[in-house]
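Work through the exercises below with the structure open. Each task is followed by a stepwise solution.

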Protein chains: 2
Amino acid sequence: MNTTEFRKRGKEMIDYVADYIETIEQRSVYPDVQPGYLRSLIPEEVPVEPEMYEDVVKDIERVIMPGAASPACTELETVMLDWLGKMINLPENFLAGTTGCGGGVIQGTASEATLMSLLAARSRIVRWIQADNPDRTESEIFSKLVAYSSDQAHSSVERAGLIGGVTMKKVPTDEKFSVQGEALKKMVERDRRAGLIPFYFCATLGTTASCAFDNIIELGPLCNAAKMWMHIDAAYAGSAFICPEFRPLLNGVEFADSFNFNAHKWLLVNFDCSVMWVKERADIIGAFKMDPLYLKHDHQESGLVTDYRHWQIPLGRRFRSLKLWFVFRLYGLRGLQDHIRKQVLLAKEFEKMVRDDQRFEICAEVILGLVCFRLKGSNELNETLLKRINSTRKIHMVPCQLSGKFVLRFAVCARTTELHHVRESWAHITDLASELLQELPH
Amino acid sequence: MNTTEFRKRGKEMIDYVADYIETIEQRSVYPDVQPGYLRSLIPEEVPVEPEMYEDVVKDIERVIMPGAASPACTELETVMLDWLGKMINLPENFLAGTTGCGGGVIQGTASEATLMSLLAARSRIVRWIQADNPDRTESEIFSKLVAYSSDQAHSSVERAGLIGGVTMKKVPTDEKFSVQGEALKKMVERDRRAGLIPFYFCATLGTTASCAFDNIIELGPLCNAAKMWMHIDAAYAGSAFICPEFRPLLNGVEFADSFNFNAHKWLLVNFDCSVMWVKERADIIGAFKMDPLYLKHDHQESGLVTDYRHWQIPLGRRFRSLKLWFVFRLYGLRGLQDHIRKQVLLAKEFEKMVRDDQRFEICAEVILGLVCFRLKGSNELNETLLKRINSTRKIHMVPCQLSGKFVLRFAVCARTTELHHVRESWAHITDLASELLQELPH
């Protein structure tokens, strides 16, 4: 949507809200719909081609208003997560459908998704152990639990371990910054011999530092055999899986218990909107379900209703699935794929420019929209370069450490980025690099 | 703001956003301000009288845009929480100011605030114990920790205990559904004798069921003496403390370590906006601070910058303090007080109508906007009445249990509620009650 259309549509929406407030007393205070009413009112899948804005907005009165905030908020979320699950070709047992045991939920951030998966895994392992050994206390079991993640995993994974009060160990990665099966296997075996209880592995697809991918095709069966929960954190990379050519990066998800990515990162949806799926919703609900009277409702035990409050840390919820519904329909699957492909192409263009300049080196394989690069030379030199780049305020970059090297990260992610922006950025970087190199003693 | 003005202002804001997008390339990608830049640009306190909308909106370019999303997002939040802290007359050590050790933060919901306080308390007690006994392990200490809350506390408090992996015990309340000092003292002493470690008490001001208030003037010194963290959950009632006549309900907050209420519940701010203050920000940061390279910044150790990511479960943040800034200025303190007072008055009117009808009884003291009432008679009778009320969809009520009795809860909380709505509601309830009573065998 360009700004001319945004002005028109935005103002229409303001009028819609004002009209709603002016006539609110004519509406019912409580919806008169049956559980599951929404699913039959909309298609089962995302449209491939963009829809007209008029058609999308018309559906607010037809689809949402009869279900008011609740249950429309819940039901649209379940269906949108099914749409999105199909868009990335998730195995069917992650979808809710009308009879599934799995399903999706919108969390605020990947930190919350990781924490929820760890808490679900923690309560599952305690349940399993106590079923055979009713005398073992929860705190004795907690003290022996071990969770694992890549040494490249995001800091929020370590934090989830701290919150959950369990040990979190870092699995060493290979030269591509990826966890392989053998590395995890060794640690798990050693810990078991030491009397500990390995129960959880958080795999990363698209690490923060360099967009590396753990080998989940190897790791998944290993976790399944060891009865460990496998969660997949694909916070950044996940959006790319809507393109068939990138979907192989997700192969192995069939072995996972839960999977998450941030639609707000790369799928043209505003922050926050972190999408998460679980195979067994009973596992996540079981982590801390509780039902005081003031939260009871008629359909409590019917199985027809999803009580998302059991799926997350907060109790209250916002109507975030509307963002997904609008974006999916206004872009269509094809439009979203075009967006991802264009950005990956731009990153590849940038990579080519770096490779063509002998003073620089590429530091990690460029798979999606992130290019890790540096000047050949000391860390100090690269730190100075980055400081100068960021202080001119024309572009902004965030660094990382890879194998002890200070590395610059060029990330293509804004909706409006074009080739000329990438070219101008590279010209700017090389100008500052040339200046810097000239200052050095020969 | 009425709908006529909303249409005008909303459309102006749409144009502002479109203009921003059209000219975004003329702006700097990174702000050129020093830490703390924002505080000096705005007043130190909330205005008493409403300001003009034009003046508020003009400040976006003057105050916010120079600091872009960051640090403006952080700094406005710190200052707004200082404003609000002063509005409810919080002791100064809860405020950030420019040199304070305390400060406020916006959480999503009270559930998250409670959880954060419990995690901070958990890590503080472990630190204290390990300082004297370096050999005691974290998990051994965890296994002995005991947290407490009112038996009327919200379910999210129990849930925080489950997440944190610590025992949470319910303290019995008196006939007014309020925890008194003696009740907590007894439990703490018994648990200490049993070798357990009491470390945390969550007091409730304004319980969900009946808006009861724990006796924090008694409980606070007791927690301080026992070196237990006292958190105060005033999710609903907290907004009322901006009125001097309701502020005595908060007396004793000076003994607390943390305090929270939901501005989105009753302070005319949209969901979500749960405001929380701590006396020692080091305690909450210490719960799980971690600093990977990609999150480092120049002012890391300067003490000038608040890193809110250490204060909460998610890492990413939204710019929620803008809501507070706009609402505070467009209503002024006086306007917000008027809103609270009017709603309490309406609840009192409703209470009077209930008391004037001999068939009904009031079930808990009416202090703020909640009226707990029922038909004199069986629980079944009241359950049927509520079912009929809700199924006609003219008003909607949520029940509670008080001392084994099924109770109806009439809550005044919508921005636009007037006396005639309350009268019509009561007429509707009594109509349905009369019908119901006539059906009964005599």
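This is a predicted model: local features need pLDDT of at least 70, side-chain atom pairs count only at pLDDT 80 or more; totals for chains, interfaces and linings use all residues.

**Exercise 1. Describe the boundary between the domains of chain A.** Where do the domains lie, and how do they meet?

*Solution.* 
- Step 1: The assignment for chain A gives domain 1 as 77–330 and domain 2 as 334–439. Their C-alpha centres are 31 Å apart.
- Step 2: take the contacts. Domain 1 of chain A contributes 24 residues, and domain 2 of chain A contributes 21.
- Step 3: take the area. The two domains of chain A bury about 1900 Å² between them, with 72% of it on carbon and sulfur atoms. On the side of domain 1, A:Phe177, A:Trp266 and A:Leu268 lose the most area, together 31% of what that side buries.
- Step 4: The side of domain 1 that touches domain 2 has 18 nonpolar, four polar and two charged residues.

**Exercise 2. Relate the chains.** Which rotation superposes chain B on chain A?

*Solution.* 
- Step 1: the rotation is 180°, with 0.0 Å of shift along its axis and an RMSD of 0.0 Å.
- Step 2: this is therefore the relation of a two-fold axis.
- Step 3: in chain B, the C-alpha of B:Lys11 is nearest the axis, 2.6 Å from it.
- Step 4: both copies use the same surface, as 98% of the contact residues of chain B recur in chain A.

Definitions and conventions:
Residues are numbered from 1 along each chain as its sequence is written. Chains are lettered from A and ligands numbered from 1 in the order in which they are written. Side-chain values use heavy atoms; hydrogens and water are left out. Domain bounds come from an automatic or database domain assignment. Contact means heavy atoms within 4.5 Å. Buried area is the accessible area (1.4 Å probe) that two parts lose on being put together, summed over both. Ala, Val, Leu, Ile, Met, Phe, Trp, Tyr, Cys and Pro count as nonpolar, Asp, Glu, Lys and Arg as charged, and the others, Gly among them, as polar. Copies are superposed by least squares on the C-alpha atoms of residues with pLDDT of at least 70 in both.
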